[in-house]
Amino acid sequence: MKLISTAATLFVCLAPLSASARSISFFDSAQAPIQLETFPVKGDNPLEYCSDPSGNILQIESVDLFPNPPLPGQTLLINASGNLSERVEEGAYVALEVKYGLITLIKQTADLCEQIKNVDLECPLEKGEMTLTKQVDLPSHIPPGKYNVHADVYTKDGKKITCLNAHNIEFKIRP
């Protein structure tokens, strides 16, 4: 921890020096800031596609979370709908990363067909329309802070089913 604090302090101290040494002023620039294109998932949720989802096997129509943002110790209701353009079979997988601030809590690859049993689905997932309604009881001891989630989902052959991000999901201390 001490090393991280020292490195952060060093970076903060050196950044203004290196900028002024090159006579670059980012704050006085007349140029507009770069706007990265985002692809939000429709509905009341913090989800975004990682990139243009038009080529994904799963086309998500909407995802609604209640409450949004989720609250520790309460039940989270998830309503989602979408369309699979192909059948998803055993061997599909998800690469998941969960961060708490800058700290990686989870970085793993898991069997998609095993994981979807948690939402009362099972493989194979047939081509066509899908709906999902699930209640999840969140533990009351979720540490307060901001979480980021990244999930890449692929077929057994490595074709992209979807890729989703959820940025700055904030859990606060309950009153």
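**Entry 1: the open sheet**

Two strands are taken to pair if DSSP finds at least two bridges between them, and with that criterion in hand I turned to the strands of this model, which is a predicted one. I found an open sheet of three strands in the order β3-β4-β7, and its pairing is antiparallel. I noted that β3 and β7 are the edge strands, each of them pairing on one side only, and that the twist from one strand to the next averages 15°.

I then looked at how β3 and β4 meet, and recorded eight bridges between them, again in the antiparallel sense. As a point of reference within this pair I wrote down S62, whose bridge partner in β4 is S81.

**Entry 2: the strands around β5**

I next followed β5, which pairs with β6 in the antiparallel sense over eight bridges, and in this pairing V94 stands opposite A110 of β6.

**Entry 3: the disulfides**

A disulfide is a covalent bond between the sulfur atoms of two cysteines. I searched the whole structure and it gave two of them. With the bonded cysteines counted along the chain, the pattern of the disulfides is 1-4, 2-3.

Are its two cysteines buried or exposed? C50 counts as partly exposed because its relative accessibility is 29%, whereas C163, with a relative accessible area of 4%, is buried.

The other entry is the disulfide that joins C113 to C123, with S to S at 1.9 Å. I placed C113 in helix α2 and C123 in the loop between α2 and β7, 10 residues apart. The torsion about the S-S bond of C113 and C123 is about -85°, so this disulfide is left-handed as well. Both C113 and C123 are buried.

**Entry 4: the largest pocket**

Finally I turned to the largest pocket, in which about 1800 Å³ of space lies. Its lining is made up of 46 residues, and those closest to its centre are I78, V119, L132, A151 and L164.

I then asked which elements supply the lining, and noted that at least two residues each come from β3 (58-66), β4 (75-84), β5 (93-100), β6 (103-111), α2 (112-115), β7 (128-137), β8 (145-154) and β9 (160-171). The largest share belongs to β9, which gives seven residues. How do the residues of the lining divide into nonpolar, polar and charged? I recorded 36 nonpolar and nine polar residues, with one charged residue besides.

How values were computed:
Residues are numbered from 1 along each chain as its sequence is written. This is a predicted model: local features need pLDDT of at least 70, side-chain atom pairs count only at pLDDT 80 or more; totals for chains, interfaces and linings use all residues. Side-chain values use heavy atoms; hydrogens and water are left out. On a 1 Å grid over the protein atoms alone, a cavity is a set of points where a 1.4 Å probe fits but cannot get out, and a pocket is an open set with protein on both sides within 12 Å along at least five of seven lines; lining residues have an atom within 4 Å of a point. Grid points are joined across faces, edges and corners, and a volume is the space filled by probe spheres set on the points. Helices (H or I, at least four residues) and strands (E, at least two) are DSSP runs, numbered from the N terminus. Ala, Val, Leu, Ile, Met, Phe, Trp, Tyr, Cys and Pro count as nonpolar, Asp, Glu, Lys and Arg as charged, and the others, Gly among them, as polar. Axes are lines fitted to C-alpha atoms, for helices over the stretch in contact, and angles run from 0 to 180 degrees between N-to-C directions. A disulfide is a pair of cysteine sulfur atoms within 2.5 Å. Buried means under 20% relative accessible area, exposed over 50%, partly exposed in between (1.4 Å probe, protein chains only).
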